[in-house]
Amino acid sequence: MKADKDACPQSFINPLALMSNGKFCGGDVMGPVTTNPWLIAVINMVIVFGVLIALGVLMSMIQLVDPTKNH
């Protein structure tokens, strides 16, 4: 969606805000890259499992250097 440069004041700071006439200010605003719900779900699950794996690795590293562990 193109911005309406005539309707926007020059000192406008927030490029994602809507003017009162419903037009965007501050330059081009990128729309959604995809609207396919299955692709969005797969991307979200990859991110979630990536974070879980990273936390598991961090927990393992902390257990290796745990000074309070009783041998």
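Trainee: What span is expected for helix 1, at 1.5 Å a residue?
Mentor: The expected value is 40 Å. The rule is 1.5 Å times one less than the number of residues. Helix 1 covers residues 37-64, 28 residues, and reaches 41 Å from first C-alpha to last, close to that value. This is a predicted model: local features need pLDDT of at least 70, side-chain atom pairs 80 or more, while totals for chains, interfaces and linings use all residues. Residues are numbered from 1 along each chain as its sequence is written, and side-chain values use heavy atoms, without hydrogens and water.

Trainee: How many helices and strands are there in the protein chain?
Mentor: One helix and zero strands. Both are DSSP runs, numbered from the N terminus: helices H or I, at least four residues; strands E, at least two.

Trainee: Why is Ile40 called partly exposed?
Mentor: Its relative accessible area is 35%. Buried means under 20%, exposed over 50%, partly exposed in between (1.4 Å probe, protein chains only). So Ile40 is partly exposed. Ile40 lies in helix 1.

Trainee: What share of the 71 residues is buried?
Mentor: Buried residues make up 8% of the protein chain.
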